[in-house]
Amino acid sequence: MNYSFDEVVNRLGTYCTQWDYIEDRFGEKDLLPFSISDTDFLCPPEILTAIKKRVDHGIFGYTRWNHLEFKGAIQQWYLKRFSTSIKEDWIIYSPTVIYTISKLIEHMTEEGDHVVVQTPAYDAFFKLVEENKRFFSGNKLLYENSSYFIDFQDLEKKLAHPRAKVFLLCSPHNPTGRVWSKIELKKMIALCKKYQVYVISDEIHMDIVSRPNVHIPIVNAAENLDHVCICTSASKTFNTPGLGGSYAIIPNQELKERFLITLKNIDGLSSTSTLGAIGLMTAYLDGGQWVDELNAYIEKNMELVKGFLDTHIPSAHLEIPDSTYLAWIDISRLPYTDEQLQDALIHHGKVAIMPGEMYGKDGKGFLRMNVGCPSSKVIDGLQRFKKALDYLENKYK
């Protein structure tokens, strides 16, 4: 079966964060948005069919996740997509990935302890670390020849700090799109083991990977599984965050049980969304080909962005990322400040593209453009980008 990703669906009027509430983030209405990281693609028809069938049943009572069908779908996905065996008793439900990370940090650390994070970083990481009264210890990625690399010397220094307790890894990395190799993962894991630092790996972007790159789940790279875990969801891949739900893979059974006590007894969140569970199970059992075709479409969108920039805005550069549908565009050679560019994009191009500084000071000089959308929208956005730059060129010539 061939799936179409060219269909344009009007999301306005659906309480959509990206479209209906773009003013909250950019201060102006009616912008073409390339911001928050969900996509403008319809869910796979297999998911829509399963959800419609469940809706027709008409009763949406309390729903359990702790059964073989839910866990088995996850196990099958990891085995088929990543050649990775996951034990059933490692898998737990959680309402969101960020909730899981936050609660694990609470369990693994005390106030004032260090959480090591590679920067630039997903903006929610800064908030959850700081609001938990932990110290955000940034390991700045090296940017050389338009590519990102790990500064292992600095990473070891940060992990060696006596109060470093957790390494919050983003794999694949948001916003740069790096897919970490097995060698890199093993080296990071070895350093964490050396300094007794626990690894929380956020792998929510694991399925959107461009050829020939291969995502390696951290449990497939670690020897001592008691010191690593995965927090992830099917929602980023299949565009189902509105259905709710995520899951974690925690081999350390003591830590897993502590998390479940918090989930159920303290926070009262152990009952999953009915439609979220149906969506995940259907996605992982029947969605493989859809993801393959999605990845091919995203690759073409990335090539479209790169080609447009090379031709029309050569001072801006995109190195096509290893993964994600997030184009991390280097604008450091443009002769304008980030503030001038954002003002022109919003007020003259009428387009909303995330400023790199949203992902920390190490994101300065970049834009993050979500290309998880029909190519017609990408073209429109790029033309608006050029219109904004044409305005600046005329203003400052």
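The entries follow in the order I made them.

**Ground rules.** I am working on a predicted model, where local features need pLDDT of at least 70, side-chain atom pairs count only at pLDDT 80 or more, and totals for chains, interfaces and linings use all residues. Residues are numbered from 1 along each chain as its sequence is written, and side-chain values use heavy atoms, with hydrogens and water left out.

I traced an open sheet of 7 strands in the order 2-10-9-8-7-3-4, with mixed pairing. Strands here are DSSP runs (E, at least two residues), helices are runs of H or I with at least four, and both are numbered from the N terminus. Two strands pair if DSSP finds at least two bridges between them. Strand 2 (91-94) and strand 4 (135-140) each have a single partner strand, so one side of each lacks a neighbour in the sheet. The twist from one strand to the next averages 25 degrees. Angles run from 0 to 180 degrees between N-to-C directions, and axes are lines fitted to C-alpha atoms, for helices over the stretch in contact.

I then checked one pair. Strand 9 (residues 228-232) runs antiparallel to strand 10 (residues 246-249) over 3 bridges. C231 has A248 in strand 10 as its bridge partner. Helix 8 (residues 182-194) lies across strand 3 (114-119), strand 7 (164-170) and strand 8 (198-202), at about 165 degrees to strand 7.

Strand 13 (residues 351-355) and strand 14 (residues 366-370) are antiparallel, joined by 2 bridges. Contact means heavy atoms within 4.5 Å.

**Helix pair.** I looked at helix 3 (residues 45-57) against helix 11 (residues 274-286): the angle is about 145 degrees and the axes are 9 Å apart. Residues of helix 3 in the contact include I47, A50 and I51; those of helix 11 include L275, I278 and A283.

**T237.** Is T237 buried or exposed? T237 is buried, with a relative accessible area of 1%; buried means under 20% (1.4 Å probe, protein chains only). T237 lies in helix 9 (residues 235-238). Leaving out residues up to four places away in sequence, T237 touches D207, I208, W290, V291 and L294.

Terms used
Buried means under 20% relative accessible area, exposed over 50%, partly exposed in between (1.4 Å probe, protein chains only).
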